[in-house]
Amino acid sequence: MKLSNSNLILAPTDFSKHLSCKYLTAQNLHALETGVKPPFISSPVLETLQELGNQHEKDYLEYLRSAGKSVAEPADNLPTDWVDNAIADGTDVIYHARLSNIRWSGEADFLIRRYESHEIFYEAYDTKLARKTRAQTLLQLYVYSLILKERASVLKVSEPENMYVVTPADKFTVETYRIADYAAYLRYLDADLVDFLVNPTTVYPEAIPFCDFCNYWSECNQKRRDDDYLGFVAGITTSQRTALAEVGIGTLEQLANAKNLPKLSTGSYISLIAARKQAELQLRARQGDSPIYEVKPSNGDEPHGLSMLPEPTSDDIYLDFEGDHFAQEGTVVEYLTGYLTTSDDSYEYQPLWATTPAAEKYAFESFIDFAVDTYQRNPNAHIYHFAAYEQSALKRLMIKYSTREIELDLLLSNQVFVDLHRVVKQSLVASVEKYSLKDLEVFLDFQREQDLKEASQSRRVVESALNNSFSVAPELFRQHKQAVEDYNREDCFATYHLQQWLETVRTDAIANGLQLPRPTRLDEAEQRERAVDLEIAYIRRRLLQRLPADLVPTNDEECAILLLSNLVGYYRREQKASAWEYFRLMELPADDYFNEPRALSGLTFQQTLIDDEKPTVRFTYPPQEVVLKSEDAMRLPGDKSNFGYARDVNFTDRTIDIQIYAEHSGYPNHLNSPEKYFATKKHQESLFTLAKQVASDGLENLTTQPLAKSLLLRTPPHSDISDAHQQADNEPTLEAAIRISRKLDSDVLAIQGPPGTGKTYTGAYVILDLLASGKRVGVTAVSHKAIDAILNKVAELAEEQGRDVICYKKGKPKEDYDGPLVIADSHIGTYRAGLKKDIHLLGGTLWLWCHDWFRESVDVLVVDEAGQMSLANVLAASRCADSLILLGDPQQLEQPAKSSHPDGADIAALEYFSGSGKTMPPEQGLFLGETRRLHPEIFGFTSAAFYDGRLSTHPKPAGELHQRVISDNRLQGAGLRYVAIEHHGNQSSSPEEAAAVVELIAELEQSSLSPERTGELSRAITQEDILIITPFNAQITLLTERLPAYANRIGTVDRFQGQEAAVVIYSMASSSAEDAPRGMGFLYDPNRLNVATSRAEVLCVIVAAPELFRPECRTTEQMALANGLCTYREMAEEV
């Protein structure tokens, strides 16, 4: 940031800094205006990293020269327009290109010439040490790209399309980033920065992650100290601070001294009471100048934290990881596994370093083997760690390398791991500002020798060297590596001393009358589950024997076999994930239930509904995000047995009816409900059979399941059309689908159908044509609802054509069902016999088609919603058919997976078959490109944001019209609208947005819709013309309370997928990305945004806080997520 002739000129780094902290921008602006020098803190470590970065840049320059590229670079005698001259001369590479416009000035590492399709591009390249590209890098590249775009016509070149990042790996890896995938988000940030500079607002130096890297940290921290910053209260949330400020409580001391806390507009009152207690202890410690703690009383609702401490043994292990959170996929993440053992007052620390993926795998296996040996020798031994990272890291490593699954599950299921952070949080309140291991050390008989800031900087050097294949001077690397190892060793010792201290706290608490029994282990997992793990490991080893020794595939068949080897354990991993989630919920402190969707906090008994041996009781609960449903098992905190079963959950009234099974005294304040796991034994057996055959015969020679072979190899039906396209020029897509389906022979026909393009119609029409040719057809999908939808469309079209088609479906019919389908929950043998006789069309879930009895039972299996069905599921079902039709859209809701899976094993079938792009490649399958639902003023957003611009609107037949909203109020016409509602600290519900939606509904009720057809009259808008969508059940509750007449028109995206309405209102509820309870991945999910906005036929209205459009993205993936919402904002009219 500098002044040039009174003009403010920004550097690209100013852009990235503003995203991280507006206060930093204000301080830099103030320093510029006053001439005060900003603080500067020198760091030898940062200087070292800078030197490494400069060397990487120079090495890449020499690499380009050695490839024969012409190079232009700055020199003292060059004119100021030397970059323009180099572009005019057609120079291949321009090094350190100075680029500027009226607002920006910076120096791109490289501009490199690209010639494609008779167009010339000059595009920006940045050399970075990190293999994982950070968001700040793209911010800087965007500035250079913006300047190049502005000057493209003058320079007589095309506007840049891509940005590039060069990493040191593998002789320079060049990553390509398509500008359009990030541009809307970046333009919004650009405008936000300009607006802030022109109209600076007062901002407070909140404590944020960027503080660790900022030269103003000391100054800002002192201000927070002087102000007695409320954020210093350990565990207090942004929403609590915002709500407290509204009632005049803005400092730690004010909260500590608050005698009667008012009930706030948002959040849990119980959590607020806990925050006051925390503030009180911190204030007392500050006034007494010494740390203090208090043991929590037993509340009877959950196990006391100190009762989670097992009996210490001489074989206990103390574990700590050092990991690079920004490491790229496929590289080393957990580069140091350190653990401590003790025996007879002696200590042994073992550091396991990993400089390569092979070494990371070896370190993981070595630790697990040591832990299992210890456990088998002494079943009472435990592994102590602090916080959840260590267990999560071990699970990630198990999945990443597909090794030691049985052994890790043995340790997890027998509760060998002890999280001391959880013990602390559930046992005591301490006068610390953070419940971190370092902060708690004030209570321990332990003193660190390492300076934590220096250790943190050494970690950065080590991570740059290890994960960037970059050379660092050996002596320098040795010094920093030793500093990191010392840091890790001290963490292990601190964990040991924390456990020792907690034991003394436990002893004192028992002496003071607290009942603290030692924990008991759950029963040993059943041996048959161990047998399944062994079988998976055996099959996988046999499959991997068909790959090269380094397990790196060299052709399509080997790629498919590697994928299959990872798919073999798909169902077992899902089952284990359910078990691990069960343990997580069982161990979750009741204080954390308020923010857990599968738990209820603050339950209050209301009434007994049925009074018998197993009474049904109604509870109320305060506003919170809840995803429970009828028949869910309910459990007490820390209890493995069922308390009862939910019989009804009413989100509107915030009540839950529970049939109580357990003996109880009194009613609980907290309950949790692990998600039910549905047995998939038949799915697993089918996948095992396939994998064994491939292991024996190879994939190319697989004759027993040719359809599975086609699916795994992504082989489309044979095509005689030019370029091997599946659809001829000017051929209607429906005709192409019918033509191809008639010729299927152990083939996979993939059809992608975006919203409103007639996916269900196309599928039903193809099914009718197959039936007419004498084929037997099966239909499946991820839900009974989806199966019913396509079968109902078949029945409807058959009736229109005057054909006698009977649509059978296995399932439980609803009471008084009187539809066209023949639905019965008959034995599967009845349906298998029927397919050999008079049943030609049968719908059923995967549990039907994966059964061995249904092998080769139909000619074609149609999988609807194949963009949401996992590849594992479709492969398991594929043996029932000769050919397969995948019908769906990967850009809509995904099938939720409970577990993480290695190397693409969690991919949906249609997404796998179509490839990595957003739309179906023409050589791979069919793309339904004409939407009949979306208004011309809506589809442009849908097409640009989600379908690479390939979507168009189907012309209206003669006499039909595009509708519009007729009104004198804000909502009129057609297209996209945005209603900005300022609010802060809201997570899953927003009263402010609810009030705004009520106003919008009132306006719509006074409005009308223009005619659908010529000669008709406009009509009033009714409830049936409106859908109100929100991501969170808590907001559904709030909206339903305010709009009870619209109760059936309010829901989540999941509820309304497949439906549409003239007007859709989407209330996003969260105040910011940081407030979103499930993170950016859920709130900004482009698939969910696509489904929500594409329900609208005439008008789509997003109601949201402005802060949602400027999330602080730390990764390129997060930037891509934000881009969809920002694209909407750009194309929408604010009302």
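Q: Why is E463 called buried?
A: Buried means under 20% relative accessible area, exposed means over 50%, and partly exposed lies in between (1.4 Å probe, protein chains only). E463 has a relative accessible area of 13%, so E463 counts as buried. Please keep in mind that this is a predicted model, in which local features need pLDDT of at least 70, side-chain atom pairs count only at pLDDT 80 or more, and totals for chains, interfaces and linings use all residues. Residues are numbered from 1 along each chain as its sequence is written, and side-chain values use heavy atoms, with hydrogens and water left out.

Q: What makes E463 and R459 a salt bridge?
A: A salt bridge is a side-chain nitrogen of Lys or Arg within 4 Å of a carboxyl oxygen of Asp or Glu. The closest N and O atoms of E463 and R459 are 3.6 Å apart, so the pair meets that rule. R459, at 19% relative accessibility, counts as buried.

Q: Where do E463 and R459 lie?
A: Both are in helix α16 (residues 452-467), four residues apart, about one turn of the helix. Helices (H or I, at least four residues) and strands (E, at least two) are DSSP runs, numbered from the N terminus.

Q: Why can such side chains pair?
A: Side chains of opposite charge can do so when their charged atoms come close. The structure holds 66 salt bridges.

Q: What makes the pair K438 and D491 a tie between separate parts of the chain?
A: K438 lies in helix α15 (residues 437-440) and D491 in helix α17 (residues 474-511), so the pair ties together parts that are 53 residues apart in sequence. Their closest N and O atoms are 3.2 Å apart. K438 counts as partly exposed at 26% relative accessibility, while D491 counts as buried at 3%.

Q: Why are E937 and R964 called partly exposed?
A: E937 has a relative accessible area of 41% and R964 has 35%, so each value falls in the band for partly exposed residues.

Q: What makes P955 exposed?
A: Its relative accessible area is 55%, so P955 passes the cut-off for exposed. P955 is found in the loop between β32 and β33.

Q: Why is helix α1 described as largely enclosed?
A: Seven of the nine residues of α1 (residues 12-20) are buried, so the helix is largely enclosed by the rest of the structure. The buried residues are P12, D14, F15, S16, H18, L19 and S20. Their cover includes α2 (22-34), β5 (105-116), α5 and α6 (183-198).

Q: Why is S145 called buried, and what does S145 touch?
A: At 4% relative accessibility, S145 counts as buried. S145 lies in helix α5 (residues 135-155). Contact means heavy atoms within 4.5 Å, and S145 touches P160, M163 and I179, not counting residues up to four places away in sequence.

Q: How many residues of domain 4 and domain 6 are in contact?
A: Seven residues of domain 4 are in contact with nine of domain 6. Among the domains, whose bounds come from an automatic or database domain assignment, are domain 4 (599-672) and domain 6 (936-1134).

Q: What area do domain 4 and domain 6 bury between them?
A: About 710 Å², 47% of it on carbon and sulfur atoms. Buried area is the accessible area (1.4 Å probe) that two parts lose on being put together, summed over both. E625, F651 and T652 supply 70% of the area that domain 4 buries against domain 6.

Q: How many salt bridges are counted between domain 4 and domain 6?
A: The count is two.
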